[in-house]
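Dear colleague,

A summary of the findings follows it.

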Amino acid sequence: MKILITGISGLLGGDLWNVLSSSDFETFGLSRKKPVFLPDEKWLNCDITDFTETYQKVTKLNPDVVIHAAAASNVDE
């Protein structure tokens, strides 16, 4: 099963990566900044506020499951 985690560079995304990448799932991460723990071949560089780019990258990967963990970290902004 192929899983895509958005917001992979955040706290929740990173924790999900730690759990799911150690299983039999083929796990990928999507974010604007690449976290140090994520291999290059498992990372999709993407800003989820750009609908067209997000749609193209997600449909190209064609995951079975998308876990949407991306969020605004500075809500006052």
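Phenylalanine 25 sits in the loop that runs between helix H1 (11-20) and strand E2 (26-31). Please bear in mind that the model is a predicted one. With a relative accessibility of 36%, phenylalanine 25 counts as partly exposed. Together with Met1 and Val65, Phe25 makes a nonpolar surface patch of about 260 Å².

**Nonpolar cores**

The largest nonpolar core is made up of seven residues, namely Ile3, Ile5, Ile8, Trp17, Leu20, Leu38 and Ala69. At least two residues of this core come from strand E1 (2-6), and at least two from H1. Another core, of six residues, lies apart from it; Leu4, Leu44, Cys46 and Leu61 are among them.

The buried residues of H1 include Gly13, Gly14, Trp17 and Leu20. Viewed down the axis of H1, the buried residues fall within an arc of 140°, so they line one face of the helix. An α-helix has 3.6 residues a turn, so residues three or four places apart point the same way. The cover over the buried residues of H1 includes E1, E2 and strand E4 (65-68). On the other side of H1, Leu11, Leu12 and Val19 are exposed.

**Salt bridges**

How many salt bridges does the structure hold? There are two salt bridges.

One joins aspartate 40 to lysine 34, and the closest N and O atoms are 3.5 Å apart. Aspartate 40 counts as exposed, at 58% relative accessibility, whereas lysine 34 is partly exposed, with a relative accessible area of 30%.

A salt bridge is also formed by glutamate 53 with lysine 57, where the closest N and O atoms are 3.5 Å apart. These two residues, glutamate 53 and lysine 57, are separated by about one helical turn, because they are four residues apart in helix H2 (residues 51-61). Glutamate 53 counts as partly exposed at 24% relative accessibility, and lysine 57 counts as partly exposed at 28%.

With kind regards

Definitions and conventions: Residues are numbered from 1 along each chain as its sequence is written. This is a predicted model: local features need pLDDT of at least 70, side-chain atom pairs count only at pLDDT 80 or more; totals for chains, interfaces and linings use all residues. Side-chain values use heavy atoms; hydrogens and water are left out. Patches are made of residues with over 30% relative accessible area and no salt bridge: like charges are joined within 9 Å, nonpolar side chains (Val, Leu, Ile, Met, Phe, Trp, Tyr) within 5 Å. Accessible areas come from the Shrake-Rupley method with a 1.4 Å probe; for residues, only the protein chains shown count as cover. A salt bridge is a side-chain nitrogen of Lys or Arg within 4 Å of a carboxyl oxygen of Asp or Glu. Buried means under 20% relative accessible area, exposed over 50%, partly exposed in between (1.4 Å probe, protein chains only). A nonpolar core is a set of buried Ala, Val, Leu, Ile, Met, Phe, Trp, Tyr and Cys residues joined through side-chain atoms within 4.5 Å. The arc is that of the directions from the helix axis to the C-beta atoms. Contact means heavy atoms within 4.5 Å.
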